[in-house]
Structure formats: structure tokens, C-alpha cells
Amino acid sequence: MRAMQVERTPHGTSEVDLCDACHALWFDAYESVRLTPAATIALFREVHGAAAPARRALPEHMPCPRCRATLVATQDLQRTTRFSYWRCPRSHGRFTPFVQFLREKSFVRALSAAEIERLKAHVRTVRCSGCGAPVELGRDMACRYCRAPIEALDPDAVAETLKRLDAAERRRTTIDVDQLADALLGQVPRPAWQARAADVSTGFDIDLVGNGIAFVVSALSGD
């Protein structure tokens, strides 16, 4: 794993470990919920940079890198989105696959049956966002190997999430003089934020999540 320094709330930095081969992150205890909005966007970029087709299969039993105890598979809920990870039973941290991190942060959602039917008109095969295996749309509604649903970056969800993160980061790092004056005068501030919506690319044997990430990172970079 390689270490990455990211900002955390209320102040300071945390060290997040990334495994490019496994397409996963290691968060020490409570690090994931303490990420600043800017840190979440920075990790989004890192996920894009490591989004290669080949990835190492996760072993059946994984040890905690801090105490070597066997990690426990865990299901969690963020708003209305379910995601999973492997946590240390002694609360040292958790091992989170990239796609589960994107679910947790509201970037990814499963496609509906109707959306999959529309996708079949243009695409024969997609890559599983969970394990990277090919999924034949004409035959399968989920990955045959890891049973993960067919997923994609949701353009509306990405736009909304980036808008929310950008607004939160601006509030965290700047003082809006007009809003401060309004607050002192007892008025209700009315901030307005804009974000660009992302499109999901289509083609033959595509990675719906990976292509979506690439589009958003390009938009964030102004390319």
C-alpha cells in the first residue's frame, strides 16, 4: 500500500493507505467520516488514477495491518445507499474497496432493469465495478463471479455530490462577508452553487464506473 496525506475535520491531516492492485483503501478508525470535502475529491481523483482493468482478487481472509486480527465483512448504510467493507474487530480501522468508497460518498448507484435494457442496445459487455470481470448484458443482470450489481456513476448524483462537497469546502475554508453580515442582521443567507453534470460513456466492453470517473476528473481539471 502507498500512503496519502489528506485533510480531516475539524483540523489536521490523516494518512490513508491505498492499494492500487486490490483497488481498495485502508482507513484507520473513523478516518472515512472525518474526511474534509476536499479530501474526498482528492481520493476520487486517486481512484481514477488507479482504475486499471487488472486487479488482484481479494483473499477470503484478510488480516488487520495494525493488529493482524482477521477483518470482518460489514454492511453499512449512508443515507439510502448500502455499501460494504472489512473492519478490524478491535476497531483499528477498515478496508474499503474503491467502488464501495464511491457508494459511501454517493457517487455510484446500481442501474435499474429498465436502464440495463436501454444499455443493451449500445453495449454488449461491461466490466464489473466490483471485481473487474466481464458481464454479458444479454445474459446477466449481475456479475457471475462476485454477484455485484451492474453499476455506473450517476450523473445527477455526481453533480449533486460535487456541489455539496464544493459548498461544504468553501464554507469550511472561507468567510463569506455578506453571509456574515446577513447573519449579524438576523437575515437568512441564500447561497447558490452550480455544478456540471457528468455523462456516462457507452461503448463495447466498457467500465461504466471507470469511464464515469474519468469524465468527472477531466471536468474537474478543466480539460
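# Close-up views of a predicted model

View 1. Leaving aside neighbours within four places in sequence, Leu102 is in contact (heavy atoms within 4.5 Å) with Phe44, Val47, Phe107, Val108, Val209 and Ile213. The model is a predicted one, in which local features need pLDDT of at least 70 and side-chain atom pairs count only at pLDDT 80 or more, whereas totals for chains, interfaces and linings use all residues. Residues are numbered from 1 along each chain as its sequence is written, and side-chain values use heavy atoms, with hydrogens and water left out. The largest nonpolar core has 24 residues, of which Leu25, Leu43, Leu102 and Phe107 touch the most other members; such a core is a set of buried Ala, Val, Leu, Ile, Met, Phe, Trp, Tyr and Cys residues joined through side-chain atoms within 4.5 Å. Here buried means under 20% relative accessible area, exposed means over 50%, and partly exposed lies in between (1.4 Å probe, protein chains only). Among the elements that each supply at least two residues of this core are strand E2 (13-19), helix H2 (98-104), helix H4 (155-173) and helix H6 (208-221), while H1 gives the most, with five residues. Helices (H or I, at least four residues) and strands (E, at least two) are DSSP runs, numbered from the N terminus.

View 2. In soluble globular proteins, nonpolar side chains tend to be buried together.

**View 3. Helix H3 and its buried residues.** Within helix H3, which spans residues 113-120, Glu115, Ile116 and Leu119 are buried. These residues lie on the same side of H3 because they cover an arc of only 100° around the axis, where the arc is that of the directions from the helix axis to the C-beta atoms. Helix H3 also holds Glu117 and Lys120, which are three residues apart, about one turn of the helix, and whose side chains meet in a salt bridge (2.9 Å, N to O). Glu117 is partly exposed at 46% relative accessibility, and Lys120 is likewise partly exposed, with a relative accessible area of 29%.

View 4. The whole structure contains seven salt bridges, each a side-chain nitrogen of Lys or Arg within 4 Å of a carboxyl oxygen of Asp or Glu. One of them joins the side chains of Arg2 and Glu46 (2.9 Å, N to O), linking strand E1 (residues 2-7) with helix H1 (residues 37-49) across 44 residues. Salt bridges that share partners bring Arg2, Asp20 and Glu46 into one network. Another salt bridge is formed by the side chains of Asp28 and Arg66 (2.8 Å, N to O); Asp28 lies in strand E3 (residues 24-28) and Arg66 in the loop between H1 and strand E4 (72-78), so the pair ties together parts that are 38 residues apart in sequence.

**View 5. Cysteines without a disulfide.** The structure holds zero disulfides, a disulfide being a pair of cysteine sulfur atoms within 2.5 Å. For Cys19, the nearest cysteine sulfur is that of Cys22, 3.4 Å away, and Cys19 itself is buried, with a relative accessible area of 10%. For Cys64, the nearest cysteine sulfur belongs to Cys88 and is 3.7 Å away, and Cys64 is buried, with a relative accessible area of 0%.
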